[in-house]
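Here is a short report on one protein chain. It moves from the overall fold to single residues.

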Amino acid sequence: MFAFVLRRLAVAIPTLLLLIVFSFLLMHLAPGGPFTGERALPPQVLANLEAQYGLNDPLWLQIWNYLVSVVVHFDFGPSFVYPDRTVNQLIANGFPVTLTYGGLSFVTAVIFGVSLGVVAAIWHNSWIDYLAVGISIGAQVLPNFVMAPLLVLIFTLWYGLLPGGGWSFSDPSFWVMPVIALATSYMASIARITRSSMLEVLGSNHIRTARAKGMPEHRVIIRHALKPAMLPVISYLGPVFVSMITGSVVIDIYFSTGGIGKAFVDSALNRDYAVMMGVTILVGALTILFNLLVDVLYAWIDPKIRY
């Protein structure tokens with residue numbers, strides 16, 4: 001297992017470094033510049049700004065300085081639009097919000113999705129199965145950009161039970177609708193994957209053997225079926241977890257949560273390349289990290305897997 005983790009790290013670390021370099025190059029090749037606007041700056045002012053941010057250095061030196069700043073000091077540099085704030089500060093303001101509702105959405109989607117899939121597989125071809133599949137299909141066709149206005153219409157405009165927007169860490173009523181809107185479609189996908197995987201495992205020889213030995217059905221499910229059935233679910237959960245905790249632009253904008261998704265959109269509209277690179281690298285680094293964790297978990301569940 002230790003050698004397997006080392007091999008995965010040997011792939012993950014260069015991938016992260018390449019991500020940083022390519023992000024920098026893509027921002028450098030993008031048309032316009034961070035100080036391009038409707039009103040052109042005087043040449044001397046523009047030259048001073050470029051000198052201040054190191055934009056007149058050779059490209060290789062800019063890449064090297066940025067790589068060292070990010071990897072060694074975990075510093076994404078200053079914002080081009082807000083001179084008194086750094087990219088780290090802007091990310092630190094939005095990321096706790098996104099992490100809160102994204103983490104809760106992930107837990108909600110996993111608990112309800114796995115439960116729904118397992119129940120549907122155990123009572124296959126019964127009314128319980130049909131009900132669970134119906135709920136999954138209904139949730140699948142309601143993506144977050146449909147769920148968000150629907151929830152606001154019901155819980156805010158019709159019944160006045162929940163605030164229609166904004167964010168407060170101390171008031172959970174602000175969390176409810178973003179969590180439901182983000183979790184619904186993921187829950188449906190997890191339920192479908194769990195159901196099909198459980199059905200496949202329940203039809204395998206080792207399950208028939210366990211039942212033939214007279215083992216109680218609940219022990220067959222928990223001890224022999226659930227663990228192997230979770231393999232495809234776990235492989236799906238890695239990227240899902242990253243996409244949920246790094247936020248949804250729709251959720252951030254519709255509920256005015258102030259999360260990191262809105263920061264990314266604002267930075268794109270304002271040509272704040274430093275913030276765009278910071279958010280891109282953060283999402284990429286989390287994706288690499290959680291894919292690594294999923295691979296390790298996968299190998300732990302099934303020791304035969306060594307790729």
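Helices here are DSSP runs of H or I, at least four residues long, and strands are runs of E, at least two long, both numbered from the N terminus. On that basis, the elements run α-α-α-α-α-α-α-α-α-α-α-α-α from the N terminus on. That is 13 helices and zero strands.

**Model and overall fold**

This is a predicted model. Mean pLDDT is 84 for the protein, and 93% of its residues reach 70 or more. Among the elements, helix α7 (residues 176-202) has the highest mean pLDDT, 91. Helix α2 (residues 43-52) has the lowest, 70. Where pLDDT is low, the predicted coordinates should not be read in detail.

Along the principal axes, the C-alpha atoms fill a box of roughly 85 × 60 × 30 Å. The protein has 307 residues, and 40% of them are buried. Take the contacts between residues at least 6 apart in sequence: 72% of these join residues at least 24 apart.

**The core**

The largest nonpolar core holds 71 residues. Tyr-66, Ile-91 and Met-198 touch the most other members. Helix α13 (residues 273-301) gives this core its largest share, 13 residues. In soluble globular proteins, nonpolar side chains tend to be buried together.

What does Tyr-66 contact, leaving aside its neighbours within four places in sequence? Its partners are Ile-20, Phe-24, Phe-76, Met-277, Gly-278 and Ile-281.

**A buried serine**

Ser-79 sits in the loop between α3 (59-73) and α4 (87-122). Is Ser-79 buried or exposed? Its relative accessible area is 0%, so Ser-79 is buried. The side chain of Ser-79 makes a polar contact with the side chain of Asp-272, at 2.5 Å. Beyond four places in sequence, Ser-79 is in contact with Tyr-53, Arg-85, Thr-86, Val-87, Leu-90, Asp-272 and Val-275.

**A bent helix**

Helix α9 (residues 217-229) has 13 residues. Its end C-alpha atoms are only 16 Å apart. A straight helix would reach 18 Å at 1.5 Å a residue. Where does α9 bend? The bend is at Arg-223, by about 25°.

The buried residues of α9 are Val-220, Ile-221, Ala-225 and Ala-229. An α-helix has 3.6 residues a turn, so residues three or four places apart point the same way. The cover over the buried residues of α9 includes α4, α7, α8 (205-212) and α10 (231-245).

**A partly exposed leucine**

Leu-25 lies in helix α1 (residues 2-29). Leu-25 counts as partly exposed because its relative accessibility is 25%, and buried means under 20%. Not counting residues up to four places away in sequence, Leu-25 touches Leu-59 and Ile-63. Leu-25 and Ile-63 are 38 residues apart in sequence, yet their C-alpha atoms are 8.1 Å apart in space.

Phe-74 has a positive phi although it is not a glycine. Asn-125, also a residue other than glycine, has a positive value too.

| Residue | Phi | Loop | Relative accessibility |
|---|---|---|---|
| Phe-74 | about 50° | between α3 and α4 | 65% |

Why does Phe-74 count as exposed? Its relative accessibility is 65%, and exposed means over 50%.

How values were computed:
Residues are numbered from 1 along each chain as its sequence is written. This is a predicted model: local features need pLDDT of at least 70, side-chain atom pairs count only at pLDDT 80 or more; totals for chains, interfaces and linings use all residues. Side-chain values use heavy atoms; hydrogens and water are left out. pLDDT is the predictor's confidence in each residue, from 0 to 100. Buried means under 20% relative accessible area, exposed over 50%, partly exposed in between (1.4 Å probe, protein chains only). A polar contact is a pair of N or O atoms within 3.5 Å; within protein, one must be able to donate a hydrogen and the other to accept it, and residues adjacent in sequence count only if both atoms are side-chain atoms. Contact means heavy atoms within 4.5 Å. A nonpolar core is a set of buried Ala, Val, Leu, Ile, Met, Phe, Trp, Tyr and Cys residues joined through side-chain atoms within 4.5 Å. The expected span of a helix is 1.5 Å times one less than its number of residues. The bend at a residue is the angle between axes fitted to the seven residues ending there and the seven starting there.
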